[in-house]
Amino acid sequence: MQSIVNPSAIQTPLAGDRVNFKGVIAVSIGHFVHDVYSSFLAPLLPLLIEKLSMSLTQAGLLSTVMQLPALINPWIGSLADRISVRWFLILAPALTAVPMSLIGVAPTYGILLILMLFAGISISVFHVPAPVVVARMSGDRKGMGMSFFMVGGEAARAVGPMAAVGLVALMGLDGFYPVMVVSFACSAMLLLATRDLPVTRTAAAPVPLTQTWRSMRHILMPITGILVARGFMHGCMASFLPTFIAMNTGNLWLAGAGLTIFEIAGVAGVMVAGTLSDRFGRRRLLTLSLLGAPISLLAFVWVDGWLAYAMLVLTGFTLLSTTPVMLALVQENAVESPSAANGLFMMISFLARSAVVVIVGMTGDLIGLKTTYIIFALVGFIGLPFVFQLPADTKTKTVLQRP
């Protein structure tokens, strides 16, 4: 099998089951910085709704447009299987930060949609190849590697909301755009940190996407059902939680704090679930998560005060913990074209979330967000039967690709 990547971008491929912790941590830090910027929309949505006089449906469409580039994820993945993905990882944080830092100065709803589209393209460019790089550097501990990677993302979404609210409080909605400069430093860090990392190895001939789908459909079809059912709950929380809390309390700081609590709990969830799934099996962890998430979300809506925030912690822990487990499932079953397989997974994941966000927004306009949360928490239980269509749990192992 012959490599066509730039030899200056890689050294010797990982040997055996050795874990490259340095590489995993570097990409995870890049994931953190990148996703801090991509998390700006939800906490600032109440202010944008007021500034541009948007309906909840229009607000939900912003997230959908941001996810629209997910349609090209499989082709990005197919490309990443044939060339070095190093520059994908280096440039994406800065390319995402620029439009996300400009949302406060967008003069019209149309301009805001354009900014979301450009941010979405950069998000896809980063998220498709990055898990593949992490999987290759994780040896036989893919669940652990995916947990580290997802901790970067979930920690970003925990820090991002409060950072966005704090920056707007200090600098104003129209004046916080200079924060984009931090992303340039992150790109410079990745430029240095990935010089000697094994980023990709590829077959002499590209594998068609149809062949990748056929070889992976026993994994991707059940995961699609899980992602759609989970997507309704995720749409409620990730896109409308600050709006839900602000409508009930009138306090934007509490709204931002609520999303931060949710995401911090998600950090713990992704760290625990991915690592434990290496030991106890992917299906077992997914079952526990998909039972706990709708139950805790229903409890969050029905209770008040500090108990509601306790339920918010449990919801974030269970709902967000599914992603590293599914990423590990995809990568350990994708032998010939791991980036393309991850592109298919990411396309399904992003589309499942983005499509339902519009439905959540429309339902919220019609019957109110509280009733909407209850309905879509119940929908979350639909994901359980799909878990049992996945391959039975076995001791996980790495299928190594030889150069």
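Buried means under 20% relative accessible area. That cut-off is needed for some of the views below, which come from a predicted model.

**View 1. H234 is a buried residue of helix α10**. The helix spans residues 209-249. H234 has a relative accessibility of 13%, so it counts as buried. What does H234 contact, leaving aside its neighbours within four places in sequence? The partners are S239, L319, L320 and R353.

**View 2. S53 sits in the loop between α2 and α3**. Helix α2 covers 41-52, and α3 covers 56-67. Is S53 buried or exposed? S53 counts as exposed, because its relative accessibility is 62% and the cut-off for exposed is over 50%. The backbone of S53 deserves a look too. Its phi is near 55°, a positive value in a residue other than glycine.

**View 3. Helix α1 packs with helix α6**. Here α1 is residues 21-38 and α6 is residues 109-127. Their axes lie 11 Å apart, at an angle of about 165°. Angles over 145 degrees count as roughly antiparallel, so α1 and α6 are roughly antiparallel to each other. The crossing of α1 past α6 is left-handed. From α1, the contact takes V27, G30, H31, H34, D35 and S38. From α6, it takes S122, I123, F126 and H127. By class, this contact has 6 polar, 3 nonpolar and 1 charged residues.

**View 4. Helix α7 packs with helix α8**. Helix α7 runs over residues 130-137, and helix α8 over residues 142-171. The angle is about 135°, with the axes 8 Å apart. How are α7 and α8 set relative to each other? They are oblique. In this pair, α7 passes α8 in a right-handed crossing. On the α7 side, A130, P131, V134 and A135 make the contact.

**View 5. The whole protein has 17 helices and 0 strands**. This view places the close-ups in context. The protein has 403 residues, and 61% of them count as buried. Take the contacts between residues at least 6 apart in sequence: 87% of these join residues at least 24 apart. The protein exposes about 15,500 Å². Carbon and sulfur atoms supply 70% of that area.

Notes. Residues are numbered from 1 along each chain as its sequence is written. This is a predicted model: local features need pLDDT of at least 70, side-chain atom pairs count only at pLDDT 80 or more; totals for chains, interfaces and linings use all residues. Side-chain values use heavy atoms; hydrogens and water are left out. Axes are lines fitted to C-alpha atoms, for helices over the stretch in contact, and angles run from 0 to 180 degrees between N-to-C directions. Helices (H or I, at least four residues) and strands (E, at least two) are DSSP runs, numbered from the N terminus. Angles under 35 degrees count as roughly parallel, over 145 as roughly antiparallel, 65 to 115 as roughly perpendicular and the rest as oblique. A crossing is left-handed if the near helix is turned anticlockwise from the far one by less than a right angle, and right-handed if clockwise. Contact means heavy atoms within 4.5 Å. Buried means under 20% relative accessible area, exposed over 50%, partly exposed in between (1.4 Å probe, protein chains only). Accessible areas come from the Shrake-Rupley method with a 1.4 Å probe; for residues, only the protein chains shown count as cover. Ala, Val, Leu, Ile, Met, Phe, Trp, Tyr, Cys and Pro count as nonpolar, Asp, Glu, Lys and Arg as charged, and the others, Gly among them, as polar.
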